[in-house]
Every structure is written in structure tokens, then in C-alpha cells.
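User: I have a structure to go through with you. Could you take my questions as they come?

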Amino acid sequence: MLKEYNFDLSSRNTFRMKARCACFVEYGSVDELYSIDFDSLPKPVKHIGGGSNLLFTGDFPGTILHSAIKYVKYVDLGLDEVPVVVGSGVVWDDLVAELCGHGLWGAENLSLIPGEVGAAAVQNIGAYGVEIKDLISGVSCFDLQEKKPCKFSVGECAYGYRESMFKESGGRYIITSVLLRVSRVPRPRLEYKGLAGVDPSSPGAIRDAIIAIRRTKLPDPEETGSAGSFFKNPVITAADFVRVCDAAAPGSIVPHYVLDGGMIKVPAAWLIDQCGFKGEKEGGAAVYEKQPLVIVNATGSATPGDVLELERRIIATVHEKFGVELHPEVEHI
Ligand SMILES: Cc1cc2nc3c(=O)[nH]c(=O)nc-3n(C[C@H](O)[C@H](O)[C@H](O)COP(=O)(O)OP(=O)(O)OC[C@H]3O[C@@H](n4cnc5c(N)ncnc54)[C@H](O)[C@@H]3O)c2cc1C
């Protein structure tokens, strides 16, 4: 177990924000997690994964916990539906590569999403028409409130769009492992626009295609700091949508998706782009040229203040122009 005080978090968040925490604890097994004396740790306690959906807005006064539980157990590779138990500290994309290498279907559309398996189950990560909830059978946790292990079926996880019971619980449950079901039987999922023409012959072929597409659109966290999509796509009423159309440039078509119940989802990227923010800079932070939904640490030395100011300006300008309130998807700590 690693336990360090006054720990530097800059290499533990993909935004590369310089922040420290009072204490950092990394455990390598469920037994090590159970042995932690939580009462003695600086508070509050926050669990992180790869830090790819986080913005540290300053130093953290409490304890940052991290799982280094790294195992992948195939329960029976001979079945059509193969159950796989995966430790929460496994890097998600390493797992996807391994599953594709075994010719197992299900996770390939989720290739190259940064972060670790535990957080993937918290976030219900999704891309190209697939969400991790489609693969999850159950989740094993440690209940910080009751100080005991517990398990949840996929139904009990209450998954929605980037939502879960874990997110709602305010950090009560530490995920220790996830039970996935992947398929030996081919089941390519290529309905999503942009995947037309992709070679469906193997999960590896689809993975390669998705990696190639993602590399043209999103910054590589190894090269440019970011936390991916910074804002959620707003869901608005039909009346508010009319207001957006009225405010849009003459002749432009407002992209949108009508949801069950009549509410309308408008891409935040489009709203931000229409306000002229593509490439906009604030100190060391900038709106990513190729995808205005992403704020990047362009210089490598952006401060939390730079990011927060750019966020504030984007929210204010989109609200002024379109009357729509944007909310960050990235968790501020
Ligand atoms: C370039 C880029 C592209 C991205 N593309 C996508 C995408 O296509 N689709 C998508 O869905 N997301 C995407 N993301 C967002 C991000 O990768 C996901 O949200 C990912 O699941 C976060 O994983 P993490 O390990 O980094 O978690 P962190 O950011 O460290 O934590 C996320 C949340 O999970 C909680 N958590 C972490 N580990 C545990 C645990 N073991 N138990 C309980 N709670 C825990 C944390 O407290 C926090 O609330 C992208 C991010 C980047 C930087």
C-alpha cells in the first residue's frame, strides 16, 4: 500500500492541473482496502481513477484514494457469453485491447476512452452507440458508510446517460471489481453514424477503426491535457428550442435530437462553436480547435483559474446568445 502526505496530483489527472492533496492512499487489493483505518485519514476522502473526468480547482485538503487492483479473470472462455471479472484499477483501454485480442465482442466501440474500470462503471462510459452498462452484469464494492463489502446487479446500478447510482451516492461506494459479459459470437455494433463502411470482421478491426476516428477528433491525453467533453449536452423544452433557432445565424440548421417526452437535446459543441469559441484562449487554457466541447491545457501550464474563467465565459456567452444554461460534465474538485 502506498501512503504519502502532501502528494503531488499533477500526474494523476489528465488535465495536468498542478494540485496537491493532504494525503494519497493507493491500495493494491481488496484486503488492503479493508485494512485502511479511514477514521485516521485527513477528510474528506475522495476516490479517483485515472483522473480523466476531473478538474482539480486547487489543493485538496483531504485524502485521495486510488485502486491498484489489477486483475482480469475469465470465468469460462468456452462459453458463448464469457463472464469476466475485472479489478477496478485496470486501465479500461488495456482491457478493451485484451478482450479484442481474445476475439471477444462487446467492448470494441469503447476503445481509447481514458480511465480505469472502476470509474468506467461509475460514469457509465459510452461511445459510438455502446455504453458499458450493456456489458455489466454486476459490481462489487466496499460500502464506506457501513464499512463492509456489498454487491449490486446491473439493475441496481440505475444506469442512465453518464449516470449511475454510484454517482448519486456521493462517493459512498468504492468499486473494487466489475463483472462483465462479453461475447464469443460476433455482434458488431455499427449503426452509429460515422461507422458506416467499417470492417465488421473482428472486434480488433472495429477497435482499430474507432481508434483512428477518435485520434482525428480528440486530444491525446499523453500530449495535451484535457478531461474530454467539458460540458453536458443541454436538454431543453420545445419553446426554448424555438428561441435557439431564432438566435441562430440566418439559414443555419440547428442540430438536435428529440427525446422521449418531447424534450430536445442540443449539442453543446454546436452552441459553443456558434458563439465563436473554437480556439479561444484564456491564459494557458484553450477551447480545442477540432472539438469545441473540449477545453485543453494548451500550454501545459494552464492553471485551474484559467480553465474556470474560460468555462465561465463560455457559459455566460451561450446563455446570453441562446438562453441555454450549460453545465459542466467534468467533476470539479
Ligand atoms: C480525451 C478524453 C476522451 C474521453 N472520451 C470519453 C468518451 O468517449 N466517453 C465517455 O463516457 N467518457 C469519455 N471521457 C471521460 C473519462 O474518460 C471517463 O469519464 C472515465 O470513465 C473516467 O475514468 P477515470 O478512471 O479517469 O476516473 P476519474 O476521472 O478519476 O473519476 C471519475 C469518477 O469516478 C469516481 N471513481 C473513480 N474510481 C472509483 C472507484 N474505484 N470506486 C468508486 N468511484 C470511483 C470518482 O470519484 C469520480 O467521481 C474522455 C476523457 C478524455 C480525457
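User: Where is Ala158 found?
Analyst: This is a predicted model. In it, Ala158 lies in the loop that runs between strand E11 (148-153) and helix H4 (165-168).

User: What is its phi?
Analyst: Ala158 has a positive phi of about 50°, although it is not a glycine. Most residues other than glycine have a negative phi.

User: Is Ala158 buried, partly exposed or exposed?
Analyst: Its relative accessibility is 48%, so Ala158 counts as partly exposed.

User: And Arg162, where does that one sit?
Analyst: Arg162 is in the loop between E11 and H4. Arg162 also has a positive phi, about 55°, and is not a glycine. With a relative accessible area of 17%, Arg162 is buried, the cut-off being under 20%.

User: How many residues surround the ligand, and which are the closest?
Analyst: The ligand is surrounded by 31 residues, and the closest are His47, Gly49, Gly50, Ser52 and Glu331.

User: What about polar backbone atoms: what lies 2.7 Å from Gly50, and what lies 2.8 Å from Ile175?
Analyst: For Gly50, a polar backbone atom is 2.7 Å from an oxygen atom of the ligand. For Ile175, a polar backbone atom is 2.8 Å from a nitrogen atom of the ligand.

User: Back to Ser52. Where is it, and what does it touch?
Analyst: Ser52 is in the loop between strand E3 (45-48) and E4. Not counting residues up to four places away in sequence, Ser52 touches Thr14, Pro114, Gly115, Ala227 and Gly228. Ser52 counts as buried because its relative accessibility is 17%.

User: Let us change topic. How is the chain divided into domains?
Analyst: The protein chain is divided into domain 1 (2-67), domain 2 (72-217) and domain 3 (225-332). The centres of domain 1 and domain 2, taken over C-alpha atoms, are separated by 24 Å. Their contact takes 13 residues from domain 1 and 14 residues from domain 2.

User: How many residues are in the largest nonpolar core?
Analyst: That core has 45 residues, and those with the most contacts inside it are Phe56, Phe231, Leu271, Ile295, Ile314, Val318 and Leu326. Several elements each supply at least two of its residues, including strand E2 (20-27), strand E5 (60-67), helix H6 (238-247), helix H7 (268-274) and helix H8 (304-322). H8 gives the most, with six residues.

User: Why does this core lie between domain 1 and domain 3?
Analyst: Domain 1 (2-67) and domain 3 (225-332) both give residues to it, so the core lies between the two.

User: What is Phe231 in contact with?
Analyst: Leaving aside neighbours within four places in sequence, Phe231 has contacts that include Ala268, Ile272, Leu293, Ile295, Ile314, Ile315, Leu326 and Pro328. Apart from this core lies another, of 43 residues, among them Leu99, Ala120, Ala127 and Leu180.

User: Which helix holds Pro304?
Analyst: Pro304 is in helix H8, and at 13% relative accessibility Pro304 counts as buried. Leaving aside neighbours within four places in sequence, Pro304 is in contact with Met17, Phe56, Thr57 and Gly58.

User: How does the span of helix H5 compare with what is expected?
Analyst: H5 (residues 203-217) has 15 residues and reaches 21 Å from its first C-alpha to its last, close to the 21 Å expected at 1.5 Å a residue. The buried residues of H5 include Ala205, Ile206, Ala209, Ile210 and Ile213. Helix H2 (92-101) and strand E8 (126-127) are among what covers the buried residues of H5.

User: And Phe142, buried or exposed?
Analyst: Phe142 counts as buried, at 5% relative accessibility, and its place is in strand E10 (residues 136-143). Phe142 and Tyr173 are 31 residues apart in sequence and 5.7 Å apart in space, C-alpha to C-alpha. Its contacts beyond four places in sequence include Leu33, Tyr34, Phe38, Pro149, Tyr173 and Ile174.

User: One last point: which peptide bond is cis, with omega near -5°?
Analyst: The bond from Lys43 to Pro44 is cis, with omega near -5°. Pro44 is in the loop between helix H1 (30-34) and E3.

Note on methods. Residues are numbered from 1 along each chain as its sequence is written. This is a predicted model: local features need pLDDT of at least 70, side-chain atom pairs count only at pLDDT 80 or more; totals for chains, interfaces and linings use all residues. Side-chain values use heavy atoms; hydrogens and water are left out. A nonpolar core is a set of buried Ala, Val, Leu, Ile, Met, Phe, Trp, Tyr and Cys residues joined through side-chain atoms within 4.5 Å. Buried means under 20% relative accessible area, exposed over 50%, partly exposed in between (1.4 Å probe, protein chains only). Helices (H or I, at least four residues) and strands (E, at least two) are DSSP runs, numbered from the N terminus. Domain bounds come from an automatic or database domain assignment. Contact means heavy atoms within 4.5 Å. The expected span of a helix is 1.5 Å times one less than its number of residues. A residue is near a molecule or strand if one of its heavy atoms lies within 4 Å of it. A polar contact is a pair of N or O atoms within 3.5 Å; within protein, one must be able to donate a hydrogen and the other to accept it, and residues adjacent in sequence count only if both atoms are side-chain atoms.
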